[in-house]
Structures are given as C-alpha cells and as structure tokens.
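This report considers the annotated segments of a chain, the surroundings of its ligand and the packing of a pair of helices.

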Amino acid sequence: MVETEGETDVPYVNDSKTYPEITQNPLDEISLTAYALGGLGGLFLGLIPVLKFTNFNIYMIAFSLFHFLEFYTTAKYNPSKVSSDSFILNNGIEYTAAHLLGVFECFIEGYFFKSSKALTPVKIVISCIAIMLIIIGQLTRSIAMCTAGKSFSHFIKTEKETDHVLVKDGIYAYLRHPSYFGFYWWAVGTQLLLLNPISTVVFLYVLWAFFRKRINIEERYLISFFGKDYVQYKKEVSTRIPFIE
Ligand SMILES: C[S@@+](CC[C@H](N)C(=O)[O-])C[C@H]1O[C@@H](n2cnc3c(N)ncnc32)[C@H](O)[C@@H]1O
C-alpha cells in the first residue's frame, strides 16, 4: 500500500507486514479444506441430539477445530511460512492410522460391547477429564504457535533462518516444547474421550516415543543455532512431558 506522509509528500510503502507466498497457497484447495473442516464440525454439532454416544460428536468437533487452528494460527502469526500443508492433515501415515485405529476401536467396542460406551457416572468423570485434556492441549498448542511466531515451523529446521530467534518468553518460560506438550495431551484426550482403552494406551506410548525422538533431534539443531543460550534454556525449563527432561 502506498501512502503519502503529510506535508512532505514523501511516499512510503507499508511493507513491514509479511504476506503468504501465493504459489504455496492454492486458494481453491485452502478454501475447500476450510469448508470441509467447518462442515465436519458443524455436522457433528448438529448430530448431537441424534447420535447416542455424544463423546464421538465432541471428538469430531475437536478434530476439525484442531486442524483448522493449525492453518489459522500459522496464517496469522507466521504468514511467510503458511501453506496448504499447514492444516497438517497430511501429517504422516502414522498419524492418519492412529486416528483411524481410534475410530475403528470406538465403533467395534460400541457395536459388540454396547455397555462399554454407556455413560455411567465413572465414564462421565473420565469424559470430563478427557475434555479438559483436549481444551488444555489445544490452548497450549495454539498459544505456543502465537508466541513463537516466525520461529515456529511445522518441520524441524536444519538451517537457521535470519528471522529465527530463540523464544524463551511467554509459555516458553514454563514449558520447553509447549506445542508438543499441547499436541500430546490433546491427542491422548481424544482417545480417552472415545473411551478407547487400547488406543489411549497406544497413543500414550507411541506419541511419547515420537516426541522424545523428535525433541532429541530438534534440540541438536537448536544448540547448533543458539549455542550456550539454548543449553542454558534447556537447563532452566523442563518439557513437563512425562519422562522427557
Ligand atoms: C513444530 S515447531 C515446535 C516448537 C517447539 N518444539 C514447541 O513444541 O513449541 C519446530 C520448530 O521450532 C523451532 N524451535 C523449537 N523450540 C524453539 C525455541 N525455544 N525458540 C525458537 N525456535 C524453536 C525448531 O527449530 C523447529 O524448527
């Protein structure tokens, strides 16, 4: 945008804002994905009075909101890195398989052992804990993405970019990897919400092993980028993910 500056009439260009790279952002694909995620959330919201197992509706709403927010927060706080992949719906075969396993387990148990999904007082308490985990996980993840801003990327950076700064403030002052902490508890919460004993245990272990390995690799690069500053930060702030220092 070109504007004139008062009496001097010197033009200035307001180019301090970074805009998304349009070639990485096919608008047809993005609008359809956003529409589909909104439709999915809306559909399961509307089906609450129809389906017996309301927890499944909440799961589908949480799933669609999570993937929408991945794109939205990237577009808002890190626009130069946003792309159609920022919905992270193509988050690897393991991620897709894990959610499909969860939905499959929920249907099989619900069909063959109807009482397993009946909301007894104990299961209502478990469901409330699950919803809390989902809300805390989602908030932690989204706040982390806002706080890290341009330093956040969905992929581990192996080369330091000029705008990559070490983030130690806000939520990063309490959690060393808040977006992973959030993702972990959000995902475990979804399986607890579906009252899936097998998938809850599988998610707890498989995601834990995944993040332990990822953090290890990510931190080697962070130490190579920020040296002593990162080593000191690592000493001071814990991940608070169980058994990952
Ligand atoms: C998917 S983001 C995850 C960020 C962080 N691990 C978290 O859970 O909030 C991965 C990118 O964030 C960068 N990163 C991780 N921690 C960082 C920090 N404290 N400051 C700046 N960049 C960081 C890494 O270099 C990597 O490219």
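## Basis of the description

The model is a predicted one.

## Annotated transmembrane segments

The unreviewed UniProt entry lists residues 32–51, 58–75, 95–112, 124–144 and 183–211 under "transmembrane region".

In the model, residues 58–75 are 100% helix and 0% strand, with 25 Å between the end C-alpha atoms. The span 32–51 is 75% helix and 0% strand, and its end C-alpha atoms are 26 Å apart.

## Surroundings of the ligand

The ligand is surrounded by 18 residues, of which Ser151, Lys157, Val167, His177 and Ser179 are the closest. Classified by side chain, this shell holds eleven nonpolar, five polar and two charged residues.

At least two residues of the shell come from each of three helices: H4 (121–148), H5 (178–193) and H6 (197–226).

## Packing of H4 against H5

Two of the helices that contribute to the ligand shell, H4 and H5, also pack against each other: their axes come within 7 Å and cross at roughly 155°. Angles over 145 degrees count as roughly antiparallel, and H4 and H5 are therefore roughly antiparallel to each other.

The crossing of H4 past H5 is left-handed. Residues in the contact of H4 with H5 comprise 18 nonpolar, eight polar and one charged.

Note on methods. Residues are numbered from 1 along each chain as its sequence is written. This is a predicted model: local features need pLDDT of at least 70, side-chain atom pairs count only at pLDDT 80 or more; totals for chains, interfaces and linings use all residues. UniProt positions are given in the numbering used here, feature names are shortened, and annotations may be inferred rather than shown by experiment. Helices (H or I, at least four residues) and strands (E, at least two) are DSSP runs, numbered from the N terminus. A residue is near a molecule or strand if its C-beta atom, placed from the backbone, lies within 6 Å of it. Ala, Val, Leu, Ile, Met, Phe, Trp, Tyr, Cys and Pro count as nonpolar, Asp, Glu, Lys and Arg as charged, and the others, Gly among them, as polar. Axes are lines fitted to C-alpha atoms, for helices over the stretch in contact, and angles run from 0 to 180 degrees between N-to-C directions. Angles under 35 degrees count as roughly parallel, over 145 as roughly antiparallel, 65 to 115 as roughly perpendicular and the rest as oblique. A crossing is left-handed if the near helix is turned anticlockwise from the far one by less than a right angle, and right-handed if clockwise.
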